[in-house]
Every structure is written in structure tokens, then in C-alpha cells.
Amino acid sequence: MTPRRQQILDTAADLFAARGFHGVSMGDIGAAVGVSGPALYKHFAGKEDILGQCLLHASDQLLAGARELLSGAASPQAALHALVARHADFALDNPALIVIQEREWDVLGTEARAQVRKHQLAYIDVWTDALRPLRPDLDPAEARAAVQAAFGLLNSTPHSARINRATMHALLTGMAVRALHP
């Protein structure tokens, strides 16, 4: 992805999180990145496309990172710790994406929603596969539910991160690891 395209996505995510999808125009996004609203059509089909690309790019990053971590993990426990730490980093560094994921999901078009959901489900599967060796007491559906519950904890950061980043990261990762692998 080009730096300019990434700048547009980052800026739009911040605006969507602050003002809501319907409270932001292409002109607002363009002005925030130093171009006219119509100039954004060089990079994106429209505002819905920008929202979809924000969420798809985030899902792609999480999925690719998780797969990379697992391929280099020394043990199942190391894999789980690495996944949790990486997701905590993502959540703390990208609160706008967490907010728009939960608040603007229904705005996405059918195709964008399907693409994002496909990547998210694959991400859940990576985590579930990492958890199962550590929790043989959980059947696949229970392991999946536990993973998704841990995401809820980790993704609470836009609403709960009221302490310094390092302390919050340690708190989140410790809680999530203990919840998944007591």
C-alpha cells in the first residue's frame, strides 16, 4: 500500500471514529489530508470504499501477523503469548479501527462485509488452532468462543485505556493469557 493511501485510510478511520461514518464527508477526509474531496476518487471509489478498506487492511494485518508469529513460535504457549501481545499492540495503537469496526459494521456494503468477515474468521481460526493444544479440554466451538471472548477484552481499549500504554499492555496481555490458558 502506498504511503498516501495509508495516510488517507488512517485519517478517515480517525474521523469516522470521532464523528461517525455519516458525520464525515469526502471533503472532510480530503481536507484532513490536504487535498480536495474529489481528489480522493483517484484512490478510492467513495466513502464506503474507504471504510471497507480501513477494516479490510486491519484484518489483513492481523491475519498476516498471526500466521507469521505461529510459524516462528517455539512452543504452543509461546505462540499464544505472542498472539495476545500482538493483538494488544494493535488494539492500543489503533483505537479508531476498533471503534469503527464495532460501530460502523452495518454501513459496509455486502461485498466489503464478506471480505472483512472472511479475514476475521481466518484470524479466529489461527488463534483457535494455537489454543487447542494448550486447552484439550475445550472442543473446537468452545475454543473459538474463548478466543472471541479474549478479543472482547483486548478490543476494549478504546473504552478502557486510561492508564499509560505499557501498564495497559501488561494488564491486557496478562488478563487475556490467563483467561485463555488458566
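Buried means under 20% relative accessible area, exposed over 50%, and partly exposed in between, with a 1.4 Å probe and protein chains only. This is a predicted model: local features need pLDDT of at least 70, side-chain atom pairs count only at pLDDT 80 or more, and totals for chains, interfaces and linings use all residues. Residues are numbered from 1 along each chain as its sequence is written, and side-chain values use heavy atoms, with hydrogens and water left out.

**Exercise 1. List the buried residues of α5 and name the elements they pack against.**

Step 1. Helices are DSSP runs (H or I, at least four residues), strands are runs of E (at least two), and numbering starts at the N terminus.

Step 2. Apply the burial cut-off. Ala96, Leu97, Ile98, Val99 and Ile100 are the buried residues of α5.

Step 3. Find the partners. Contact means heavy atoms within 4.5 Å. The buried residues of α5 pack against α1, α3, α4 and α8 (157-160).

**Exercise 2. Describe the largest nonpolar core and the surroundings of Phe16.**

Step 1. Define the set. A nonpolar core joins buried Ala, Val, Leu, Ile, Met, Phe, Trp, Tyr and Cys residues through side-chain atoms within 4.5 Å.

Step 2. Count. The largest such core holds 59 residues. Those with the most contacts inside it are Phe16, Ile29, Ile50, Leu51, Val84, Ile100 and Trp127.

Step 3. Assign elements. Two or more residues each come from α1 (3-19), α2 (26-33), α3 (47-72), α4 (76-93), α5 (95-103), α6 (110-131), α7 (140-154) and α9 (165-180).

Step 4. Look around Phe16. Neighbours within four places in sequence are set aside. Phe16 then touches Phe21, Val24, Ile29, Lys47, Ile50, Leu51, Ile100, Arg103 and Glu104.

**Exercise 3. Characterise the packing of α4 with α6.**

Step 1. Take the geometry. Axes are lines fitted to C-alpha atoms, for helices over the stretch in contact, and angles run from 0 to 180 degrees between N-to-C directions. The two helices pack at about 145°, with axes 10 Å apart.

Step 2. List the residues. From α4 come Leu83, Val84 and His87; from α6 come Tyr123, Trp127 and Ala130.

Step 3. Sort them. Ala, Val, Leu, Ile, Met, Phe, Trp, Tyr, Cys and Pro count as nonpolar, Asp, Glu, Lys and Arg as charged, and the others, Gly among them, as polar. The contact of α4 with α6 has five nonpolar residues, one polar and no charged.

**Exercise 4. How many salt bridges are there, and which parts does the Asp93 pair link?**

Step 1. A side-chain nitrogen of Lys or Arg must lie within 4 Å of a carboxyl oxygen of Asp or Glu. The structure holds six salt bridges.

Step 2. Take Asp93. Its partner is Arg165, with the closest N and O atoms 2.8 Å apart. Asp93 is in helix α4 and Arg165 in helix α9, so distant parts of the chain, 72 residues apart, are linked.

Step 3. Asp93 is partly exposed at 48% relative accessible area. Arg165 is partly exposed at 37%.

Step 4. Take Arg144. Arg144 pairs with Asp125 at 2.4 Å between the closest N and O atoms. Arg144 lies in helix α7 and Asp125 in helix α6, so the pair ties together parts 19 residues apart in sequence. Arg144 is partly exposed at 24%, and so is Asp125 at 34%.

Step 5. Look for shared partners. Salt bridges join Asp89, Asp93 and Arg165 into one network.Exercise 5.

Step 1. Identify the pair. Glu104 forms a salt bridge with Arg103, the closest N and O atoms being 3.3 Å apart.

Step 2. Compare with the cut-offs. Glu104 is buried at 5% relative accessible area. Arg103 is partly exposed at 41%.

**Exercise 5. Which residues does UniProt annotate as "DNA-binding region", and what is their helix content?**

Step 1. Read the record. UniProt positions follow the numbering used here, feature names are shortened, and annotations may be inferred rather than shown by experiment. The unreviewed UniProt entry places "DNA-binding region" at residues 25-44.

Step 2. Describe the span. Residues 25-44 are 40% helix and 0% strand, with end C-alpha atoms 13 Å apart.
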